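Here's a quick briefing to read alongside the model. Have the viewer open and follow along by topic.

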Amino acid sequence: MPWLVSSQLERISSSPSERQCERTSFSFYCAVRDLLPVWLLEDMRCMEVFCWEDGHARAFAPSEALLYALVHDHQDYARYLLNRYAVSALTASRCSFCRRGPVGAPHLKVAVRYNRVSILAMIVEALKNGSAESVRRDYLNSCGGCAHVADAGKTAVQLACELARPECLLVLLVHGASADGVDALLQQLQQERCSAPERRCLDFMLLFVPKLPEPRCLRDDPQRWQKLLGNDVFSWLSGLAPPTLLLQALRALARGIPGQIAALPESLQTLSWQH
């Protein structure tokens with residue numbers, strides 16, 4: 001629990017050994033927060049930092065260090081861990097609260113929650129280089145997690161849509177995550193509280209969604225939706241007309257050479273607001 005101050009650790013911990021483990025973990029957390037050099041952090045992790053688990057001290061794992069690097073956007077340290085330990089740096093640890101085994105993809109969700117686009121890109125590249133395609137897709141689309149965790153039951157894509165993280169969403173979609181948040185984004189738009197980042201999220205989802213969605217809400221108030229979405233996208237989503245040639249071309253590009261989408265001018269990435 002690196003966020004606890006020393007006085008809180010004294011009250012919560014029950015043994016000197018456990019308190020010492022928590023002190024070393026907290027010191028390491030502060031060192032990553034202060035963006036200390038990678039070599040120094042690795043020396044600390046390998047020789048000085050321990051965790052308390054099941055009544056015993058254990059070494060601090062690279063996956064736990066990567067979570068700290070994500071929280072504090074220590075890109076050099078994240079790059080080192082992913083290069084040195086590859087996909088093993090993405091292994092989920094046991095939950096310290098309920099003691100369940102490793103579940104879910106916590107690094108993806110932490111990257112999205114803290115909007116760490118650069119480190120997220122490093123993570124998905126590590127998955128691409130070190131995992132079979134089926135394993136990579138399962139990881140990208142994982143919604144596992146302990147029930148008491150805030151993001152449990154959500155994929156990283158769903159979390160990116162909920163928090164309006166378009167850059168994170170694009171990284172996930174480009175590398176094969178399922179585009180499964182169109183309905184939720186349309187509901188946000190319907191409430192007239194859809195911000196510019198949320199609109200960009202919807203644009204990206206429309207580029208990568210594999211088949212035409214059939215949102216029922218469009219039939220309830222077509223004039224309003226036509227105004228919100230624009231004529232071209234409204235006609236496509238409601239089944240009144242095929243997508244425009246521009247939209248078809250960009251969807252083909254997104255699915256065929258996905259890395260090129262990020263290189264396009266932003267004006268070509270925001271289709272749903274062109275009238």
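Which residues in α4 meet which residues in α6? S63, L66, L67, L70 and V71 in α4 meet P106, H107, V110 and A111 in α6. Contact here means heavy atoms within 4.5 Å, and helices (H or I, at least four residues) and strands (E, at least two) are DSSP runs numbered from the N terminus. Keep in mind that this is a predicted model, where local features need pLDDT of at least 70 and side-chain atom pairs count only at pLDDT 80 or more, while totals for chains, interfaces and linings use all residues. Residues are numbered from 1 along each chain as its sequence is written, and side-chain values use heavy atoms, with hydrogens and water left out.

**Overall picture**

- The chain's secondary structure comes to 16 helices and 2 strands.
- Among contacts in the chain with a separation of 6 or more, 65% come from residues 24 or more positions apart.

**Confidence**

- The average pLDDT (the predictor's confidence in each residue, from 0 to 100) is 81 for the chain, and 83% of the residues score at least 70.

**Helix pairs**

- The axes of α4 and helix α6 (residues 106–113) come within 9 Å and cross at roughly 10°. That makes α4 roughly parallel to α6. Axes are lines fitted to C-alpha atoms, for helices over the stretch in contact, with angles from 0 to 180 degrees between N-to-C directions. Under 35 degrees counts as roughly parallel, over 145 as roughly antiparallel, 65 to 115 as roughly perpendicular and the rest as oblique.
- For α5 and helix α7 (residues 117–130), the axes come within 10 Å and cross at roughly 5°, so α5 and α7 are also roughly parallel to each other. Q75, A78, R79 and L82 of α5 make the contact with S118, I119, M122, I123 and A126 of α7.

**Two histidines in one loop**

- H74 sits in the loop between α4 (62–71) and α5 (75–85). With 6% relative accessibility, H74 counts as buried.
- The H74 side chain reaches the backbone oxygen of L36 at 2.8 Å. Beyond its neighbours within four places in sequence, H74 is in contact with V32, L35, L36, V38, L41, A69 and I119.
- H72 is in the loop between α4 and α5, and is buried at a relative accessible area of 17%.
- The side chains of H72 and Y29 make a polar contact (3.5 Å). That term covers a pair of N or O atoms within 3.5 Å; within protein, one must be able to donate a hydrogen and the other to accept it, and residues adjacent in sequence count only if both atoms are side-chain atoms.
- Again leaving aside neighbours within four places in sequence, H72 is in contact with Y29, V32, R33, L35 and R116.

**Helix α12**

- Helix α12 (residues 196–208) has 13 residues and reaches 19 Å from its first C-alpha to its last, close to the 18 Å expected at 1.5 Å a residue; the expected span is 1.5 Å times one less than the number of residues.
- Because 10 of the 13 residues of α12 are buried, this helix is largely enclosed by the rest of the structure.
- The buried residues of α12 include C201, F204 and F208; its buried residues pack against α9 (156–162), α10 (166–174), α11 (182–190), α14 (222–229), α15 (231–237) and α16 (245–256).

Definitions and conventions
Buried < 20%, exposed > 50% of the residue type's maximum accessible area, 1.4 Å probe, protein only.
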